[in-house]
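Here are a few exercises to work through with the model open beside you. Try each task before you read its solution.

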Amino acid sequence: MRRAAGIVQDITERKAAMDEVLAGRARLEAALASMSDAVFISDNEGRFTHFNEAFATFHRYPDKEACARTLAEYPAFLDVFFPNGELAPLDQWAVPRALRGEVVTNAEYTLHRKDTGDRWVGSYNFAPIRNAEGQIMGSVVVGRDVTERKRLEAERETALAKYRTLFECFPLGITVADREGQIVETNRLAEEILALPGGELRTRKLGGAEWQIFRADGAPMPPEEYPSLRALREQALVANVEMRVLTPRSESKWLSVTAAPLPFDGYGVVVTYADITANKRDQQALQSSEERRALALDAARAGTWEWELATGRNVWSDELWGLYGLPLRSCEPSYAAWRRTVHPDDVNRLEKALQEVVRDGGELALEWRVSEPSGGTRWLMSRGRPHRDEGGQVVRYAGVVIDITDRKQAEVRLRESEARAQAMLRAIPDMIFRLDRKGVFLDYKADIKDLHEQARSVVGRRNRDISPPAFASLIERKIEATLAAGQMQTFEYKLSVPEAGELDFEARMAPSGPDEVIAIVRNITERRRVEAELLRTRNTLLEAQRIARLGSFEYIAATQTTVWSEEEYRIYGLDPAKPSPTYEVMLAKCIHPDDEALLHQTFMKAVERLTVYELEHRIVRPDGSVRWVHDRAQPYLDSQGRLVRYVGTTLDITERKQAEERLQESESRLRLAIQAANIGLWDWDLLSNAVYYSPEWKRQLGYGEEEIAHNFQEWQDRVHPQDLDTALRRIQAFLAKPVGRHEVELRMRHKDGSYRWIYSAADVLRDPTGRPVRMLGCHLDVTERKRAMEVLRRQAERLQWLYGLSRAMVQAGGTVEGTVMVAMRHLIAMLKCQPAIVGVFDREDGQAELYVANGEGETIIRNVPLPPKEALAEWEGLRQARVEIVEDTNSPVGPQRLAHMLRAQGLRSYVGAPLATHQRVAGALLVGWPEPRAIPAEEAEIAGEVAGQMTVALEQIRLLQEATQHAQTLERRVVERTAQLEAVNRELEAFSYSVSHDLRAPLRHVHGYVDLLAREAGEGLTEKARRYLATISAASREMATLIDDLLAFSRLGKTEMHEAALDLPPLVAEVSRSLEQAHPGRRISWRVSPLPRVYGDPALLRQVLINLLGNAVKYSGPRDPAEIEVGCAGMEAERAVLFVRDNGVGFDPAYAHKLFRVFQRLHRADEFEGTGIGLAIVQRVVARHGGRTWAEGALGSGATFYFTLATTPPASAAGAVAEQETSI
Amino acid sequence: MNLRRILLVEDSDRDAELTVEALAEYQLLNRIERARDGAEALDYLYRQGAFAQRPEENPAVILLDLKMPKVDGMEVLRRVKADPQLKAIPVVMMTSSREERDLARSYDLGVNAYVVKPVEFKEFIDAIRQVGAFWALVNEPPP
C-alpha cells in the first residue's frame, strides 16, 4: 500500500510509461507483473487487454484468467458503490470514465462481490490512452485496495468523536498546552472553572500574568511552582495541588490542579482543574467552631430499637425519630411506620434482606436511604442481634441505627474518581496495558495505529507465555520496580513485531494498585530513527564545536527566543535537555550582572542597525562560576529586509581572559610594589641626555614634581662631591661593558641641605645594533639603613672595648686600687676626658677614698670625709642611680654644690655615674673636661657602662675579701673546737681507764679476802657467818659485772666502725651455740628464718646479737622448752626489719619506752640478773648504724625485739665494699 | 732445793698478799721478792738502792702490776726488755682491766704474758697459778 503511493502520484509519467508499454509488450508485461497495485488496461471497447497479478487479488479472483472479461460482464457479479453509499451505474465506473477522457486520481469506490459477499474499498487512478492523433484508444486504471485504511480512518473518526465527547464530559476542567505553555486544547468545564468563555482560553498561555495564583497557605505562588510548568520542567506528574486562582475576570476560585506531561510529540502538558471552591468553603466552615458542633451532632446521630417478633411491637429511642425524619413520637413505632420512611428505591431490597435475616435468625445488618423533607437523602445503617427464648427460638431483635451519610458520600466520591481515572486512561491514545505483579494482562487498550494486533487476545494471559523471554523478564522486573518504588517508571525497549520488524517502544509504568500496574506504551520507532539520524549529523557538528569550544546560537527575532547548540549549553553550564532560555531569561540568569546592561545595549544596537553583533562578556554558570565568552553573530534578513534571526557563535575565552587579567594584575602588582617600596625611577636617554625622574625619585630628595628638570645635570649637581667621580666612572664602565647590572651607593643632597644615602641600580636598553640607547634605573633611599648599620658598628666596637676593659679589671689583681686605676685609664683614653675621678664610699666609717687620674698620672686620696649629706642629697642622679650629664658647670643644670667644687678644680663639663648595686650606692665615677662641651649620649652611656662594670668588679672584690675573712675565722674556730674536744676526750678516756682499774681493784680485794677469811676460819664459822661472807662475795661480783658493762657501753661511742657485708645466719648460729653452752640443762628451741645480707660492723653487730639472744635465753628461763625465733619482718626505708622473739616472761608494754635506757630494768634482780645496760648497748649500736630499735610484748607472753639494718652498702663505703667483695 | 726467786712488783699490799697466797696455794715455794713500785723493781733488777746487796741471780719471773705510782709497769717492762741483761727474764703483766691499748703496747714491748686480775679470788689464784707454774717451774731459766 505504502509502496504504491509513489507511482500513483504522477500520472503524466505513467502516461509516458504507458506509451512505452504499448510500444514494447514484453517490457510492459514485466513492469505490470512487478506492481503491487492492480493495473488494468482496456481498449476503447472496454475490453481488458492487459492486467497484472495484483488485479486478480484486488478483485478477489482465485485465478488470473477468470478476470479476462469485458467490462460489461462485471455488473453480473459486482456491485460498485459511490463513497456516499449509492449504487454506481456502470457508466460511472472507472474504465468508462477514462474512456470518456476523464483523468482522475483517488476516486473511491466500494466494491461488493455478489457471489461471495466480499466487500472492499478501492482507490482508483485512471486516464484515457490516446493515439498520436489524440483519439482515445483505451484506458489505464490503477486500483488500490484501501479497505483497511478506510476502516482505520473510520475507527479513528469514531474514536476522535468519542474522545472529544469524553473530553467535554469530563467532570474536570482540562487544558492541554504545548511545550511553550501555549494552551491548545481545552474543554468546556475548564472554561467554566477558569471563568473564560469559548475560544478566549485558547489564546492564553499557562502561567501567564493574567492569573494570580496563591498557594493553599495564602502566599502568592511563584510561576516555578505552577503544576503545569513543573510537570513540563520535571517531565513528571504533579498531582492534586491545591491553589486559589484569581482569574482574569477577578473571580476567586479554589482549584485542585493535576498536571501531567503528555507523551505526544509536539504536545506539552495536560492540566486538570477540579473546582473545590465549595469544598474549601465547607472545609473552612468546619475548621471554625462548626467543627465541634458537627461532631457532637454526629455523635448524637445514633439511636436504638427493639422489635418483638411475636407481637410486632417496636420500641424506638428518641434519636430514631430524628434519624427517620419523623417528628418525635409522632406515631406509634412500628415496622410499617419505619417502612414508610425508607427511600422508595430501597424498600424492596430492605424487605427481602429483612425477611432472610428473620428466617435464618441471624444478625441484622442493613443500609438504606431516607428521604429528607428538604429533598435530600441520608444514609442510615442498622445493626441488630437476635434474642432467643429457652427453646432457642428468636423472639426479639434489638439494635442500633447510625447515620452514615458522610461515609456513603465519601464512597460515592471515591467511585466517581475511579471512574474518572478510568475515563482518563481510556482517553490517552496510546497502548495501555494493565498487568498484575506476575505479568498477567488484566486489561488493555490498543493504539489506533496498533501494530500489536494480537493484543486483542492477550487478556488473561501471562506476558511470559506470549512474549520472548528476555522481553517478559524485562517487563516483570519493571513491574516489581514500579510496585516497590510506588512511582511511575519510564523505560524503553525493542520488540520484534510480526510484519513490522524490530520496533522501539517507550513505556511508562505506574502502580495502579497494590499488585498491579498500568503501562502506557508508545511506538517510538520513527522518532528514534529520525533522532538517530539527526544525532549523527548533529554530532559531527557538535564535535567540531566542542573541539573549538565554540557554541552556536540563534536568536529568533519574532519570538525573541534563542536556540542553542549543545556546546552553547555546555559553555553556560546548563542542561542541554532543557529548552533554550528566552533572550530575557538568558540576560537575567546567565549573564554576569556587571555585563548585563552592556550586552543588551550592544545587541540592541546591532539589531537596530542590522550589523554584526560582537562582544566579550562574562557569564555566570548555575554553580556560580564566572566564565568569559566571546560572542559574534550575524543578522539574517527576509526578502523584505526585515530581521529574521541572528546566528552566531560563542567562544569560551576564560583562559585567555584570565591570562590577561593575571598579566594586568602582575603589572599593577609590580607598580604597587614599586610605590610601596619607595623606589624612585629614572630613565636616561643616552642620545638626548634627557633624564626622566619619577615623582618618588624627587620626593626622596625633598622635591616636588615641578622642582627638578628632566636632565642629567640635575642629578650630577646633587651627588656628593666625594661620590661623584666614582659614580660617573662606574656608569661609564658599565656602558662600556654592561655585565650584570649597574649598582652604586652614593650620597645625594637633599633639599634641606643634608645628604641622603642613595642606592642606585640600573640596566641598559640597546638598539638593534647593540648600542646602548637608554639607561633605566631605580633609586632607593638607604640613609636609615646606613645609619642603623653605623650605629650597630659603633655598638659592636663599644662592646668590644667594654669586654677588653672588663678583662683588664679582672687582671688588675683583685684590689680596689688596681681595678679603679685600670678603668680610669681606659676611660681617659676613650673619652679624652681630663681628669677621671672615682670616689669609693665606705658607709661604716663615714670615710671615702678618692682616686683621681689624668693623662699624666694617678693620685689616691684616702680617708676623705664623705661629701656633706646635703651635697649628696642634691645629686639626684646619684640617689636615683642614673647618669648625670652636665655640659657646663656654670649652667644651673645639675647639682650646684658639685658644680662649684668642680669649677674650683678647673672642670667645666662632666658626666657623673653612680657606682650602684641594687642595694646601695658604693661610690661614684666622674669624668670631666676643662671646657664646656656638648656631651654625646654615647659618651654618657660609656661612662655609665664603665661605672656599672666597676661596681660589679668592686663588689666582687669586697665579697671576696669578706669570704676570705670568713673562711679564716671558721678555720680558726674549727681548730679550737677540735682541741677542746680532744681534751675532753682525753679526760674521758683517762677517767674510764682509771675507773676500769681503780674501781675493780677494791672489789677484787673484797672478794679475795672473803675467800681467804673463809678458808682461814674454816669449820669455825657459823652458818650465818658463812652466809654473810657469801653475800659479800655476790655483791662484789655484781659490782664487777656492772663496771664491765658500763665500760663496754662507754667504749661503744668511741670505737671506730668498720662496716662490711655481713651474713647474719652464721653469726646467729655461733652466738646461740655459745649461749647453749653457758646454760647447760636448758632446753631451747631455735628458729632462724632466712635473713638478708646486711651491712655493718661485725664486732658491734655480734654484740647486738649476744645481748638480744642472751636476753631471750634469760627471760625465757621459766619456759621448757624455751622458744626463740630470729627473723626478718620485711623492709622499712631500705632497711631490713630484723627481730628476736622469745616465749619468755615478756614485759608490761606500759614500760616499753624504758627498756632501752641505761640502768632501766623491768624486772627485779632477784627475778632475773642483769645490769640494765644490754639493751642500751643494742640501741646504741643500731643507732650508730642508722637504724632504730623497738620492742613488743606483754606480761607473761613473750617479747619481740626489733632492729633495722641496712641491706645496701653505706653510700660512702660502697666502693670499698664492692672492692672487698671482689677480692674475697 | 735452790729455787729461783720470783719478783712481784705490786704497789697494793692487798694484791701482793693475795698474790702470795695464791702462789702458796699452788705450792710454789720460790722465794718471792717484792717491789712496791716500778722504781723499786728497777732498783732490784739493777741491784741498786735498797737492793744493792741482793744476790746476783736474776729472778725466774717478774709478776708486774701495770698501774703503779712513780714508774708504772709499762716503763719497767720497756726497760727490762730493752736491756740485753734482763730481757730474757719472763715478764707477766697483771692488770685490773683488759684495756686493749695496754695489751697491745705490752706485747709490742715484748711481754711474755698478760693477765687480767679476776675479781673472783679463785679465778685469780688460777691465773697466777698458771703463770707461775709455767715460768717458775716448767721453763728453764735462760742461761
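**Exercise 1.** Find how much area chain A and chain B bury between them, and how much of it lies on carbon and sulfur atoms.

*Solution.* Start with the term: buried area is the accessible area (1.4 Å probe) that two parts lose on being put together, summed over both. For chain A and chain B the value is about 2000 Å², with 53% on carbon and sulfur atoms. Next, list the contacts (heavy atoms within 4.5 Å): 21 residues of chain A touch 23 residues of chain B. This is a predicted model, where local features need pLDDT of at least 70 and side-chain atom pairs pLDDT 80 or more, while totals for chains, interfaces and linings use all residues. Residues are numbered from 1 along each chain as its sequence is written, and side-chain values use heavy atoms, without hydrogens and water.

**Exercise 2.** Identify which side chains form the salt bridge between the chains.

*Solution.* Apply the rule: a side-chain nitrogen of Lys or Arg within 4 Å of a carboxyl oxygen of Asp or Glu. Across this interface one pair passes: Arg1004(A) with Asp15(B), at 2.9 Å from N to O.

Terms used
Chains are lettered from A and ligands numbered from 1 in the order in which they are written.
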